Amino acid sequence: MNQFWSDFVKELKPYVPGEQPKEGEFVKLNSNESPYPPSPKAVAAMDKALAKGLELYPEAEATPVRETVAKYYGLTPDQVFVGNGSDESLAHLFNGLFCHNGKKILFPTITYSFYPVYAKLYSIPYTEVPLADDFSIDITPYLAASPDEVCGIIFANPNAPTSIALSLETIERLLKEQPNILIVVDEAYVDFGTQTAISLIQRYPNLMVIQTLSKSRSLAGIRVGFAFAQAELIQALTRVKNSFNSYPIDRVAQAGAIAAFEDEEYFNKTRHMIMASREYLIKEVRGLGFNVLPSAANFIFMSHPKLDATKIASELRERKLLVRHFKQVPIDQFLRVTIGTQENCENLVKALSEIVSKGII
């Protein structure tokens with residue numbers, strides 16, 4: 001620690017992303033990235049943007065992007081916020097909408113690990129709500145929350161790293177019964193097997209939905225994410241953004257984002273390929289004795305009743321296959337495995353078969 005660090009900085013515990021190896025040819029099944037390249041139309045649009053105009057600032061509000069995405073989802077542009085990745089949208093949400101009046105927020109004990117980081121960064125009290133015994137999100141405690149004590153609820157759907165999704169009917173029930181609490185649904189993986197809650201925005205002023213281009217649209221490298229809500233909630237994020245960074249989305253990223261949403265054929269092709277490989281992988285690893293939670297995401301969450309997760313991950317790494325291992329109880333014996341190409345999945349099954357046959361304890 002440096003002498004010039006504040007006490008606040010000393011106490012921070014930053015988010016730790018999945019390993020990004022700098023050497024060696026690893027197959028990355030640890031960060032939930034798409035195994036497929038972006039839409040060729042998105043690449044062409046970004047190449048065109050590179051050729052002219054980079055000496056100028058980008059459109060500050062990413063208006064062309066907001067118009068394109070609003071049309072796609074049946075919204076108006078003032079109901080769309082564009083951030084530098086969904087993480088920036090989340091950061092502005094925590095800072096600008098979750099109350100700073102002593103009330104707390106709620107989120108699951110097992111979910112996206114950036115939530116407690118942001119809560120601590122912005123000094124927001126929070127309570128972690130246990131999952132159900134089957135690792136699904138139990139909404140009962142959220143339904144019982146008092147708006148006198150709770151200002152917000154946030155969860156990923158499908159949840160991460162468990163991969164289990166809540167139904168749209170369950171989310172709507174929560175919105176109806178908690179009209180005075182802001183409900184945030186983080187949909188990073190929604191395109192792989194469940195329904196978006198965006199369709200509920202017009203009816204529920206207490207709903208905000210977060211999405212990203214990093215997963216189903218293969219654009220993790222350009223960092224574009226969204227928040228969707230009624231206009232007054234979006235205005236709050238815009239006010240925070242314009243007090244923090246007026247030009248967060250560069251010209252190249254804006255061009256790629258627009259083209260990615262316009263290429264529906266490629267989007268559907270690649271996400272269905274991932275979903276098909278997911279079902280193959282689930283079947284095969286269950287055949288090897290692994291327990292696999294129901295997945296509506298581009299990853300699976302699995303454990304083996306006889307083999308140690310740390311050692312499995314280590315054995316896979318020796319074979320140049322990276323998976324994510326969380327040491328947090330009660331998921332310390334689970335591995336989160338991103339769905340790669342079909343070839344990646346077949347190679348993973350082969351490696352796991354070898355590990356199981358060796359009987360590593």
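Visitor: In which helix does Thr68 lie, and which residues does Thr68 touch?
Guide: This is a predicted model, in which local features need pLDDT of at least 70 and side-chain atom pairs count only at pLDDT 80 or more, while totals for chains, interfaces and linings use all residues. Residues are numbered from 1 along each chain as its sequence is written, and side-chain values use heavy atoms, with hydrogens and water left out. Thr68 belongs to helix 3, residues 63-73, where helices (H or I, at least four residues) and strands (E, at least two) are DSSP runs numbered from the N terminus. Leaving aside residues up to four places away in sequence, and taking contact as heavy atoms within 4.5 Å, the residues that Thr68 touches are Ile258, Phe261 and Glu262.

Visitor: How far is the backbone oxygen of Pro64 from a polar atom of the side chain of Thr68?
Guide: A polar contact is a pair of N or O atoms within 3.5 Å; within protein, one must be able to donate a hydrogen and the other to accept it, and residues adjacent in sequence count only if both atoms are side-chain atoms. Between the backbone oxygen of Pro64 and a polar atom of the Thr68 side chain, the distance is 2.9 Å.

Visitor: Which strands stand at the edges of the open sheet, and why is one side of each left without a neighbour?
Guide: Seven strands form this open sheet, with mixed pairing and the order 2-8-7-6-5-3-4, where two strands pair if DSSP finds at least two bridges between them. Each edge strand has a single partner strand, so one of its sides has no neighbour in the sheet; these are strand 2 (80-83) and strand 4 (126-129).

Visitor: Which residue in strand 7 is the bridge partner of Ile183?
Guide: Strand 6 (residues 182-186) and strand 7 (residues 207-212) run parallel and are joined by four bridges. In strand 7, the bridge partner of Ile183 is Leu207.

Visitor: Which peptide bond has omega near 0°, and which has omega of about 10°?
Guide: Most residues other than glycine have a negative phi, and most peptide bonds are trans. Pro158 and Pro161 are both found in the loop between strand 5 (150-156) and helix 7 (168-177). The bond with omega near 0° is cis and runs from Asn157 to Pro158, and the cis bond with omega of about 10° joins Ala160 and Pro161.

Visitor: Is Phe135 buried or exposed?
Guide: Phe135, in the loop between strand 4 and helix 6 (140-143), has a positive phi of about 75° although it is not a glycine. Buried means under 20% relative accessible area, exposed over 50%, and partly exposed in between (1.4 Å probe, protein chains only). With a relative accessible area of 16%, Phe135 is therefore buried.
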